[in-house]
Every structure is written in structure tokens, then in C-alpha cells.
Amino acid sequence: MKKKILFVSHDASRTGAPIVLKHLMRWLKDNSDLEFSILIKDGGETDIEDDLRALAPVYKWAPLTPLQAFGERLLSKVSNRLFKKPLYKKYPEELKAQTFDLVYLNTVASTSLAPYLKQYHHCPVILHVHENEFSINAYYSEALAGSYLKLIDHYIAVSKSTRQNLEENYHIPAEKISLVNEFVPVKNFAQPIKTVEQVKATLNITGEFIVGGAGVTSWRKGVDIFMQAALIIKKTLGSKKIKFVWMGQVEYLFKSQAAYELKRLELTDDDIVFTGSVEHPQDYFQIFDVFALTSREDPFPLVSLEAAAQSKPIICFDGAGGAPELLVNGGGIVVPYADAQAMADAIIDLYNDADRLAELGVQIKNAVQQYDVAVQAPLILDVIKAQLSK
């Protein structure tokens, strides 16, 4: 009899963890005899949901109004303290009667469902941890509380830094953690849909040397450091020598922050372009000459893999997550944590040294091959099989 798995995604957004889960399930559908269903905890992008529905039946945690959500969080905290388990009222009825052999929680944002899922399905639970210390403390402070950890049978960490955080700060035994790096379908990201000329025309860019950045415009992603590096380079080289392009969702508050900041830094659209969320990021990665990963924390950023698939050298910060692990055999430059001057200096060095830029591009193109879905997904299948065997 085929084994059945319930995959739980915290949402269906166009962000790292749901995208990795989509790649994983697509590979499993083609390369295993597992059957699975998908539970989406919160909302997301319609196109991502459609992609998931093409892979398996999708169920959604019943949506709540903001007031209901606040009330449920409050009641859950009270219930958790008084009765040692949270309150849940919105589990899809269609799933209650189903039997699953394993529950796969994707991200720590899903652990709040573990008591309920364990109650109904009585099976092993795997937690795929895509978050590091800051994100867990800032956004999911109760996600790895002891009451939840008791219900998790095994963990998948996406980088050495992620594994270290689990072991040191949550005292999870090393034998309960498997290290499997994030992954992308490398060939897909090496094949843009639009031409370089088309993308540059869309952004009103001509022949400048382009520094790329990517992600939600947040503090964690270091978009402010990206802007500071642009300022340093403009002061050093003058205007229009190097253009900065940030690809990714522009948060509402950031629009006002950026307008305020750029005006006072005397930076304009000739210096920095914010593309907003794009449907085919590979189209934009191809126009970059170098990729500046300014994240203060990123466990193992997909954007680095996507840039690497197109031979773009990566500059990242030491101590900010798993990106330096990608560069152990070359392909980029690691600079001191959150140091905008060091980031700018590294960019200028590559701007002035075309041969080194090309050499690093070849190195990163070779390095990224080991982070293809076909290489990493089988490691997760091995973890799944090991838990099913128990």
C-alpha cells in the first residue's frame, strides 16, 4: 500500500520556503510512489496555489478576519498555559477522517498545528526548518516551545548555521537533525524567457554595470545596506558608472521610507531601481553583473542559487547564514557582517577586474549544480523513508 503524507505549508506566497516545497513535491510526484495532500495554513499567491493544486489535493485552514485571528491567538495562549495544548477550531473537516502515515511541516510557522495534527493522525512529524535565530525569535517566538518540540520526530535544517541554532539554542539532539540544503531547478533558472535587451528596456537601463539584489524590502534582507553601498559607490566612482537593481516585493511602508531616504542620500532612479515582485526572476538575474546578498540573516537563500544558475558572482556577509557555505570553492566574495563599505569595495574590485569577474562566474556556475532539485530532493526522500519505517 502506498504511503500517504500530509504536507503543511505556512502559506502559498512567492517566497523561499513554499517555493522549495513546491519543487520537492513536484520531484516526489515524478520519482516516488508516495501519495500526498497539501494543507495551507494561511493565504498566498493565486498562481502558487494553482501550482500546488496541479500536484495534489489542496486544503486550506479556514480564513479568519483580523479580529478572529487575534481572538484565536489569545485563546490559544490561555489554553496552552492552562491545559498545555492550544485551541483549534478551523481544521478542514475533509482531512479529519483521512489517514496519513507522516506529517511534513514546512517552516517553524507551522508548528502551532502539530498538536492538532498529531491528535488526528497519530503519525511521525517532520519539521523542515528554513529559519535561523533572528527570524524565529522575532516572528515565531513560541514556535519551538518545548510543548511543540515533543511532537516533532525529526528535523531538516537547510544549512550548518540553521542546524547550529537548533542544537545550541533549542537543545535538539544532533541525531534528530538532517542537513539538506535549499535547492532550485538549476536548468530552469539558467533559461530566461525575455532577452537582456527586453528587460533592460523595461527598466530603462542602457549599458551600465549592474549590481543585483533580491528579496522583500525588509531589514532582515538588508535593503538599507544595499542603498548605502550604492551611495558609497556613487561617491567613489561618480554617477552612472554602476546601477543597482533590487528585485522583489516592495513593502507598503518601505515605499515611503525609500522616498525619504533616497532624497536625502541624493540617489535617484538613475542609481537604484526597485522592480517590485516579478513572475520570472530569471529574466532579471540575467542582467546582473554581480549579485549583492545584503541579508543580515538568510539560512540558505534561494536567490543566491538562482543568481548562481546564471553564473553571477555573489558577494555576501560572514555570519549572516548559509550563503558562505555556497562559496567554499569560490564563486564570490565574503565580507564582514553588515559592512556596507566592504560590500562596496568588493563590487568596485570586480567592476575593475573583468577577468576575475568571469572566473568567479564560472566557479559559481559549477558550484550551484549540487543544489539542483535532482541532487537534494533524494536526500529528503531518504529522511521521509526513515521516518516511515518507524
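Colleague: What does the predicted model require of local features, and how are residues numbered?

Modeller: Local features need pLDDT of at least 70 and side-chain atom pairs count only at pLDDT 80 or more, while totals for chains, interfaces and linings use all residues. Side-chain values use heavy atoms, with hydrogens and water left out, and residues are numbered from 1 along each chain as its sequence is written.

Colleague: Which residues touch the most other members of the largest nonpolar core?

Modeller: A nonpolar core is a set of buried Ala, Val, Leu, Ile, Met, Phe, Trp, Tyr and Cys residues joined through side-chain atoms within 4.5 Å. Buried means under 20% relative accessible area, exposed over 50%, and partly exposed in between, with a 1.4 Å probe and protein chains only. The largest core has 67 residues, and those that touch the most other members are Phe 7, Leu 24, Leu 28, Tyr 104, Phe 291, Ile 314 and Ile 384.

Colleague: In helix 10, which residues are buried?

Modeller: Helices (H or I, at least four residues) and strands (E, at least two) are DSSP runs, numbered from the N terminus. Helix 10 covers residues 196-203, and on its other side Glu 197, Ala 201 and Thr 202 are exposed. The buried residues are Val 199, Lys 200 and Leu 203.

Colleague: Why do the buried residues lie on the same side of helix 10?

Modeller: The buried residues in question are Val 199, Lys 200 and Leu 203.

Colleague: What do the buried residues of helix 10 pack against?

Modeller: Contact means heavy atoms within 4.5 Å. After the helix comes Asn 204, whose phi is positive, near 60 degrees. The buried residues themselves pack against strand 8 (209-214), strand 9 (242-247), strand 10 (272-276) and helix 13 (281-285).

Colleague: Which element gives the most to the lining of the largest cavity?

Modeller: On a 1 Å grid over the protein atoms alone, a cavity is a set of points where a 1.4 Å probe fits but cannot get out, a pocket is an open set with protein on both sides within 12 Å along at least five of seven lines, and lining residues have an atom within 4 Å of a point. The structure holds 2 cavities of 30 Å³ or more, and the largest is lined by 10 residues, with Ala 230, Ile 233, Lys 234, Ile 242 and Asp 271 nearest its centre. Helix 11 (223-237) and strand 9 are the elements that give two or more residues to this lining. With 3 residues, the element that gives the most is helix 11.

Colleague: What is the volume of the second largest cavity?

Modeller: Grid points are joined across faces, edges and corners, and a volume is the space filled by probe spheres set on the points. This cavity is lined by Leu 293, Ser 295, Asp 298, Cys 316, Phe 317, Ala 320 and Ala 323. Its volume is about 40 Å³.

Colleague: Which element gives the most to the lining of the largest pocket?

Modeller: About 1,600 Å³ of space lies in the largest pocket. Of its 50 lining residues, Arg 14, Thr 15, Gly 16, Ala 17 and Ile 19 are the closest to its centre. Helix 1 (16-31) is one of the elements that give two or more residues. The element that gives the most, with 6 residues, is helix 1.

Colleague: Is Thr 107 buried or exposed?

Modeller: Thr 107 lies in the loop between strand 4 (102-106) and helix 5 (114-121). Its phi is near 90 degrees, a positive value in a residue other than glycine. With a relative accessible area of 1%, Thr 107 is buried.

Colleague: How far apart are the C-alpha atoms of Lys 176 and Asp 382?

Modeller: Lys 176 is in the loop between helix 8 (160-170) and strand 7 (177-179). Along the chain, Lys 176 and Asp 382 are 206 residues apart. Their C-alpha atoms are separated by 14 Å.
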